[in-house]
Amino acid sequence: MSDDLVTLSIDGVEVSVPKGTLVVDAAKQIGNDIPVFCYHPKLEPVGMCRMCLVEIGLPVIDRGTGKPVLNADGTPQINFGRGLQTGCTVRVSPGMVVRTKTDPVEQARADVIEFLLTSHPLDCPICDKGGECPLQNLTMRHGRGNSRMVFADKLHMEKHVPLGDLIYLDRERCIQCARCVRFQDEVAGDPVIGFHNRGRHLEIATLSDPGFDSYWSGNTTDICPVGALTTADFRFGARPWELTPVATLSPHCPSGSNMTVSTRREAKAGGRSVIKRVMPRQHEAVNEIWISDKDRFVHHFAESAERLTQPLVRKNGKLVAASWTEALDVVAGKLQQAGTAVAGVSGDRLSNEDLFLFQELFRKGLKSNNIDLANGRLAGGDIVAQVGISSGSNLKELGKGDVVLVVASDLHEEVPVWWLRLKQAAERGAAIVTLNVRGTRLDKYAKHALCYAPGQAVATLRQLVNQSKVETGSQSDDPIAAAAATVGSASNLVAFYGAEGLTYDETESVAKLLANLLLLKNGGGHAGKKNNGLIPVWPHNNTQGAWDMGIHPSFGPGYKALPEAGLDAHAIYEGAASGTVKALYVLGADPIGDGLMDGRGKLEFLVVQEMFLTATAAAADVVLPAQSWAEREGTFTNAERRVQRYYPAITPVGDSRADWQILAQVGERVGLGKPALAASLVFRNVAKAVKQYKGMDYRSLAKYEKQWPDVGGDDLYYGGNAYENRSGLGQQWAATAESGKVGMFEVAETAVKSFSGLKLVRIAALYTPGTLISHSASLLGPRMAQPTLSLSAADARKAGVADGNRVEVTANGMTMTAMARVGDAPDGVALMSGVAYQPGTAVVQIRKLQEEKVA
Amino acid sequence: MAHILLRHRDVKNIHQLDVYRKHQGYEALQKVLGMEPAAVTSIVRDSGLRGRGGAGFPTGMKWGFIPKGAGEKYVVINSDESEMGTFKDRELLERNPHQVIEGALIAAYAIGAKQIYNYCRGEFMDAGYVFEQALRDCYANGLLGENILGSGFSCDFSMYFGAGAYICGEETALLNSLMGNLGQPWSKPPFPAVEGLYAKPTVVNNTETLANVPPIILNGADWYKQFGTDRSPGPKIVCLSGHVNKPGNYEINMGMTYRELIYSEEYGGGIPNGKAFKAMLPSGGSGPVVVDDALDAPMTYEGLTPFGSVMGSASVVIMDETVDMVWMAMKCVHFFHHESCGKCTPCREGTYWMEKLLKRIYKGQGTQEDLQTLRSVAGNIGGRTLCALGDFAINPVLSTFRHFPQEYEAKIKPAAAVNGQGKVKTAVSVAAD
Amino acid sequence: MIQEKYAEEIKGILARYPTKKSAALPLMHLAQREYGYMSREAMQEVASILDLDPTHILSLTGFYTLYYEEPVGRYVLEVCNDLACALKGADEFVEMASEKLGIDVDETTADGLFTLKTVMCLAACDRAPMLQCNLAFHEHLDEAKFEALIAKLRAEAASGKMAPSVVEKIAAYARQS
C-alpha cells in the first residue's frame with residue numbers, strides 16, 4: 001500500500017484514502033453521507049454548524065513500545081475519549097475508527113437540526129429552495145417531527161434584503177453557515193459580504209458599492225444550504241420540482257463553462273418552455289462548479305422581445321416578412337448570381353455544425369474561399385493547433401513549481417473563470433507572470449507583473465523568451481530577467497495570450513514567441529506535455545471551433561492549407577465598398593454595427609443570418625431569423641480545445657431555425673444535396689473532415705464519469721440536480737506537439753515603435769455592451785460598463801481633466817464621449833473601457849466637455 | 001507574608017521601572033539571557049506552574065510544544081479579562097506591569113519569539129495606559145527592542161486593545177481578533193503552538209501566569225513548589241466579590257479552603273449583615289455553582305472536582321441566603337447569550353433559547369414543559385460546541401437545577417392557569433410539503 | 001479625515017503588525033474617537049487605509065460592543081449590571097441613573113451629553129456599583145457620587161474643556177513610540 005494512503009474504518013467498513021482527507025470526505029467515498037451544512041468540499045473546513053458530529057476513536061498506543069495496545073481478543077484498543085467530534089475538521093489517521101450511526105450521533109444530529117430550526121421560519125411552502133433544500137432534506141432524514149421552541153420565542157428578522165440588485169437575502173432563513181462569506185473570501189477573492197453583529201443576531205451584510213459587488217455573486221445562491229440567498233432572476237420564479245434541467249454551455253465565454261438551464265412550460269409564455277434560471281454544471285477540468293454572473297444572467301437575450309421571428313426580404317426598399325421558401329430561394333439565387341464575387345463572414349458564437357456548413361456552402365457550393373471571421377481579433381489558431389495546452393490537462397492541477405504566463409489579457413474581465421482558476425493555482429504555489437500594457441487584477445496574485453509601453457509587447461516578450469533560454473540561476477534586479485528566471489525554472493508552463501492593445505499581426509507574433517518558449521528544449525520542452533501549452537484568450541465561446549472548422553481564407557477544416565487563399569475579412573469589406581465583392585453572407589455578426597464596414601457599400605446583395613435586427617441586418621436584402629443557443633443543440637470547442645455538447649432547452653422563438661439548418665437549406669439550393677436532418681449528422685461530417693475531431697461523435701461527447709468532489713444529484717451538499725453533469729464532459733483534441741515534432745516559429749523582427757504622447761488602449765470589461773448582453777439588460781443593465789477613460793494622475797493634469805469629468809475622446813478618426821477616471825492607468829496610456837473592441841493602440845486627443853461633473 | 005504577585009501592595013510605586021529594578025526587577029531576565037532557552041522552559045516545567053486563566057494547563061509544557069529552530073514565533077499575553085467576577089489581571093497591569101513584561105520576555109526568550117503582543121480588553125485602555133508607559137520605559141532602558149541588555153536577544157512588545165467581546169478570552173478567538181478578524185474561535189487543530197498568530201507558532205499565556213515566571217526563575221522551581229499543593233503549586237490571586245464584607249483580590253497559597261477565604265478576617269471577613277451563606281460561583285459565571293458542602297474544599301485545580309465544579313480563574317462570587325437562584329442563572333445565561341460569538345449552532349441558538357425560557361420561568365410564566373425543555377436544551381449544548389463557551393453557558397443552569405430544583409418548581413405556574421389560557425403553543429411541526 | 005489628522009499615529013500603529021488587517025481594531029478606536037461613532041464614512045475611511053473591503057469594517061463594528069454604529073452622547077456611561085455587581089445593587093443603580101438622567105438605557109439625553117448603557121462585567125466587581133465613562137473607571141458609586149459625577153461632567157462640557165479621553169492618551173502614545 002502506498003505511504004500516501006491512510007486506512008481507517010467507518011461503521012465497520014474499511015476505506016483507504018489519501019493522507020489529509022477529512023473524515024466526511026472519506027465517508028462520502030464509501031457512500032456514507034455524514035450530514036453537513038457549513039462544510040463544502042470547495043471551501044476550507046470550519047466546523048461551525050456541528051451537524052457532522054461523529055464518534056471518532058483512535059488506537060491506544062503503548063507509550064513504552066510505541067505499539068498499539070490490544071484487547072483480549074487481539075483487536076486494537078480504541079479510545080473514543082474525546083467525545084463527539086466534527087467529521088469535517090478531523091483528518092483521517094491510520095487505524096482510526098469512526099462511528100456515524102450510533103445513538104449519541106443520531107441524538108446530536110437531531111439536536112442540531114432542532115437548534116437550527118428554532119429561529120428558522122419554516123416557510124418552505126413559499127421558499128425558492130423548497131424541494132432542493134439541504135436543511136429540508138436533512139430535517140426529513142435526521143430531525144424530529146416537531147420543535148419545542150415556543151413560536152412566540154422565535155427571532156424575527158428582515159425577509160427581503162437586497163444585497164445589491166442581483167442577490168436577495170432572507171435573514172430569517174439564514175443558518176449562519178458562512179458558506180457565502182467564505183466563498184466570496186476564499187474562492188472569489190471578493191470579500192464584499194460579511195457577518196454583521198454576533199451571536200444569534202449574526203446576519204449577512206454588505207457595504208460594497210454597488211451592493212455585493214462581485215462577478216461571482218450568483219454562486220452563493222447555489223451553495224447556500226437554505227433559501228436565504230436567492231437571485232433576483234429566479235426568486236419566486238418557480239418551484240424546483242417543476243423544472244427540467246437541460247445541459248448547456250456558456251453562450252459567450254471561451255472557457256466553455258458547463259451550465260444547466262432549468263426550464264418550465266408556462267401558460268404566460270403561450271405554453272412555451274422557457275428558461276427559469278441558469279446554474280453551473282460540474283466540470284472539474286473546465287469551470288468546476290462556478291460560473292460568473294454574466295453566464296448566469298445573460299440568458300435573457302434568448303427570450304428577448306426583440307428577437308427576429310420570421311424571414312425578412314427587402315421589397316420596394318423595405319424589409320418585409322416572407323416565407324422561408326421565398327427567402328431561401330432568393331438567397332441561393334443571388335449568391336450564385338454573384339459568381340466568384342461572393343464572400344462570407346461569420347461570428348464566433350455559432351456552433352461547429354453551423355460553421356462547418358457555412359464553409360462548405362462557400363467552398364463546395366459557391367466555389368469560393370472568400371470566407372473569414374467577421375471580427376478576428378486574435379491570431380494564432382494554427383499555432384494553438386500545434387502547441388496548445390495538451391489534452392488531459394487541468395488548470396486545477398497547477399501548483400508549486402508551475403508557471404503561468406498571461407500576456408496582453410485581463411482575465412478577470414475577459415474570462416473570469418480562468419482568472420479564478422489561476423488565482424487558486426497561485427494560492428497552491430504556482431507562479432503567475434503577467435505582461436501587459438497596464439496592471440490588471442491578476443497582478444495581486446502574480447509573482448512577476450511586467451508592464452510594457454504601448455507598442456512594445458512583442459519586443460518585451462521577445463526579451464523574456466530569449467532570457468528564459470539562458471540559465472542564470474541567480475536572482476536579478478531586472479524585472480524581465482527575474483521573470484525569465486522563473487519561467488525558465490517552470491515544471492509546467494501554461495501561457496495565455498490575448499489581444500489587449502495589440503494589432504492582429506502583433507498577436508500572431510506573440511503566439512509564435514510563446515510557442516517557441518514552450519518548445520525550448522532547455523526550458524524543459526513543455527509543448528506536448530500534460531498541463532503545458534498555449535491557451536488563446538479567444539473573444540468568444542467558439543472562436544476555437546471557427547478556426548477548427550476552417551473559417552479562414554487560407555485554410556480549410558482541420559487546418560488544411562488551401563492551394564489558393566481567398567479574401568480575408570478586411571479585403572471583403574474593402575471589396576464591398578469598392579464593388580469587387582458583389583454578394584455578402586453575414587452569419588451571426590454585425591460588421592456595420594461594429595464599425596468594420598461603412599454601410600453596405602456597393603454590395604449588390606447582402607444576406608444576414610441573425611437573432612436580432614442588427615445594424616447590418618437592417619441594411620440587408622434578406623434577413624434569416626436564427627435560433628438562439630438555447631433552442632437547439634450543437635457543439636462548441638473551448639479555448640483548451642475541448643469539444644462539448646449543448647442541448648435544446650426551450651421552445652424555438654417564432655419561425656426561427658437553427659443556423660446549421662438554414663445553411664443546409666441554402667446549400668441544398670446551390671447543389672450540395674439533401675440537407676442533414678440532425679446536428680449529430682452534421683457533426684459526423686465534421687469528424688470526417690477535421691482530422692483532430694476523428695473518433696468524436698455525439699455519443700462520445702456525452703460520456704461522463706463521476707467527478708470529485710461529489711456534488712449535485714440527491715446528495716447532502718446540494719439538494720438540487722442542476723450541478724450534476726450527466727450530459728457529457730466532452731473531448732479535448734490533441735495538439736500536434738503531443739505526438740509529433742513541431743519546429744520553432746520564425747518571428748519577424750519588429751522595429752520597436754517610437755512612443756510619444758498619449759496612446760489609447762481599449763481594455764475589457766465583463767459587462768461591455770454587445771449583442772447578447774444588451775438584449776439581457778433587465779438584470780445586468782445597472783451593472784453595464786459605461787464608456788470610461790482612465791488616465792494617470794500626470795496625464796489627467798496635462799489634459800486638464802479631473803476624476804468624474806465628461807470627456808470627448810478622438811482616436812483613429814472616431815470620436816466618443818466617456819467619463820474620466822483618474823489614477824488607474826500608467827503614464828502615457830489612456831485606457832478606454834465600456835466600448836467595443838479596438839485593436840492596437842492609437843494616438844488620442846482628449847477634450848474636457850463643459851458639462852456638470854458626473855457623480 | 002510578602003506578596004509574590006501583588007508586590008505593589010508591599011513595594012510602593014513598583015510600577016515604575018527604577019523601583020521595580022531596585023527590587024530585583026529584571027534580574028530573572030538577566031539570568032535567563034545567559035541560559036539555554038530549553039533550560040528556561042525546564043525550570044518553568046519543573047516548577048509545576050499551571051495556567052492562571054482558568055484551564056490550569058502546565059505552562060512549561062505549553063512552551064515545550066513550540067517547535068524548536070528558526071522561524072517567526074509569538075508570545076501573546078491574554079489580558080482579555082472578561083470573566084464575570086474576575087479582576088486580577090487588571091490590577092497586575094495597572095499596578096505591577098513590569099513583572100508581567102519580564103515574564104513575557106522570559107517566555108519569548110524560551111521559545112525564540114521576537115515579538116510579544118499583550119491583548120488587553122478594550123475596556124482596560126486606562127489600565128493599559130500605565131502598561132504602555134512601562135513598555136516605553138523598557139524601550140528607553142534597553143529592556144525591549146534590539147539587543148536586550150547587551151545579550152544579542154531582541155524582542156518587540158506591543159499592546160493590542162480589543163473592543164468588547166468576552167469570547168476573545170478564548171485563545172484562538174483572541175488570535176483571530178489580533179489579526180483583525182471577528183473574534184471567533186477556530187476549530188482546533190491547528191493548535192496555536194503549531195499555527196497561531198499569522199499562522200506561526202504562538203504561546204498564549206494569561207497575564208497572571210506570566211507574573212509567576214520571574215520569581216520562579218530567580219528562586220528556582222523548588223522554592224516555588226513550597227507554596228500551594230503538589231498538583232497545584234504556587235500562589236494564586238483570588239478575586240472575591242458578591243456578598244462578603246471585604247471583596248477584593250487576595251494572593252493566597254493554593255490549598256487554602258474557601259471557608260477561610262470567605263470568613264477569615266484576613267480575607268473576606270464574612271458575609272455582611274449576619275446573613276447566611278447560600279451558594280458561590282467559584283469560577284465566575286462559567287463554573288458550576290456550589291453550596292456550603294464545598295466550603296471546606298481546597299482552592300486547587302482539583303479541589304472542587306468532588307463537588308462538580310472547578311476553581312478556574314478563582315473568581316469567587318459569594319451569594320447570601322437572599323439570592324434567588326433562578327435569577328442568578330438568568331443573569332449568567334444573559335451574559336453568555338450576549339457574548340456568544342454565533343459561530344457554532346448549539347451555542348448561538350441554545351443560549352438564545354435558554355434565556356427566553358429562563359426569563360419566562362423567572363417571571364412566573366413558565367410551564368413544567370419549559371422546565372423540561374430548559375434542562376434538555378442545556379444538555380443538548382453540552383459537549384457539542386466549537387469552544388468551551390457553550391459548556392460554560394450551561395453550568396449555571398444545570399448546577400442550579402442540581403442544587404436548587406425547588407426554586408424552579410416554585411416559579412412554575414399552576415397547571416390550571418395554563419389550561420385557562422388553553423394549551424401552550426409549541427412551534428409548528430416540521431411537516432413535509 | 002483621520003488619515004491626515006493622525007498620519008503619524010497611523011504610521012506607528014501599522015508598523016506594529018506584519019499585516020495591515022491587524023491594525024483594524026486600533027484604527028477603529030481612533031476613528032470612533034474622532035467621529036464619536038463608527039459612521040459609514042468612518043468605516044469606508046478605515047477600510048481604505050487598510051486596503052480592506054468596507055464590509056469587513058462593518059462586520060467588526062457589529063461584532064465588538066465598544067464600537068457604536070449609531071451616534072452616542074458626549075459621555076457614554078456604561079454601567080455594569082452583571083451578576084457580581086447586581087448582587088451589590090447595580091440593577092437599582094441603573095434605575096436610579098436612568099431616572100436622574102431622564103432617559104432609558106440605550107438612550108441619549110436631549111442635550112446630547114449622556115448616553116446610558118448597561119454592559120457586561122468590567123472587572124471591578126469588588127468596587128460595585130461602578131461604571132465606565134468614556135472608558136474611565138468610576139467605582140464604589142452611590143446616588144450622591146453619581147450626581148456629583150454628572151454635575152462635574154456637565155460643568156466640564158459647559159466650560160468647553162474636556163479632559164483627554166483614554167483613547168486620546170493611547171493616540172498620544174502611538175505618536176511617541
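Read along the sequence, chain C runs α-α-α-α-α-β-α-α-β-β-β-α-α, a pattern built from 9 helices and 4 strands. Helices (H or I, at least four residues) and strands (E, at least two) are DSSP runs, numbered from the N terminus. Please keep in mind that this is a predicted model, in which local features need pLDDT of at least 70, side-chain atom pairs count only at pLDDT 80 or more, and totals for chains, interfaces and linings use all residues. Residues are numbered from 1 along each chain as its sequence is written, while chains are lettered from A and ligands numbered from 1 in the order in which they are written.

The table sets out some values for the two chains. A residue is called buried if 20 or more other C-beta atoms lie within 10 Å of its own, exposed if 12 or fewer, and partly exposed in between, with C-beta atoms placed from the backbone. Two residues are in contact if their C-beta atoms, placed in that way, lie within 7 Å.

| Chain | C-alpha box along the principal axes | Buried residues | Contacts at least 24 apart, among those at least 6 apart in sequence |
|---|---|---|---|
| Chain A | roughly 95 × 70 × 60 Å | 58% of 855 residues | 71% |
| Chain C | roughly 45 × 35 × 30 Å | 46% of 177 residues | 59% |

The radius of gyration, taken over C-alpha atoms, can be set beside a globule rule of 2.2 Å times the number of residues to the power 0.38. For chain C, a compact globule of 177 residues would have a radius of gyration near 16 Å, and the chain has 17 Å, which agrees. Chain A holds 23 helices and 37 strands. Its radius of gyration is 29 Å, close to the 29 Å that the rule gives for 855 residues, so chain A is as compact as a globular protein of that length.

## A helix with a buried face

Let us look inside chain C. Helix H4 covers residues 40-50, and its buried residues are Ala42(C), Met43(C), Glu45(C), Val46(C), Ile49(C) and Leu50(C). Why do they line one face of the helix? Seen down the axis of H4(C), the buried residues fall within an arc of 165°, so they share one face; the arc is that of the directions from the helix axis to the C-beta atoms. The cover over these residues includes helices H1 (2-5), H2 (7-14), H3 (24-35) and H5 (54-63) of chain C. After H4(C) comes Asp51(C), whose phi is positive, near 55°.

## Where chain C touches its partners

The contact between chains C and B takes 40 residues from chain C and 44 residues from chain B. Two or more residues on chain C's side come from each of H3, H5, helix H6 (83-86), strand E4 (136-138) and helix H9 (166-176). Which element gives the largest share of this side? It is H9(C), with 6 residues. The side of chain C that touches chain B divides into 27 nonpolar, 8 polar and 5 charged.

Strands pair if DSSP finds at least two bridges between them. One open sheet of chain A has 3 strands in the order E29-E30-E31, with antiparallel pairing. Strands E29 (634-637) and E31 (731-732) stand at the edges with a single partner strand each, so one side of each is left without a neighbour in the sheet. Strand E30 (residues 642-646) is joined to E31(A) by 2 bridges, and Arg642(A) stands opposite Gln732(A).

Another open sheet of 3 strands has the order E7-E8-E11, also antiparallel. Strand E8 (residues 167-169) and E11(A) pair over 3 bridges, with Tyr168(A) opposite Thr230(A).

Finally, Asn258(A) lies in strand E13 (residues 258-265). Asn258(A) counts as buried because it has 30 C-beta neighbours inside 10 Å. Its C-alpha atom and that of Tyr723(A), 465 residues apart along the chain, are separated by 9.3 Å. Beyond neighbours within four places in sequence, the contacts of Asn258(A) include Leu249(A), Pro280(A) and Asn725(A).

Conventions. Ala, Val, Leu, Ile, Met, Phe, Trp, Tyr, Cys and Pro count as nonpolar, Asp, Glu, Lys and Arg as charged, and the others, Gly among them, as polar.
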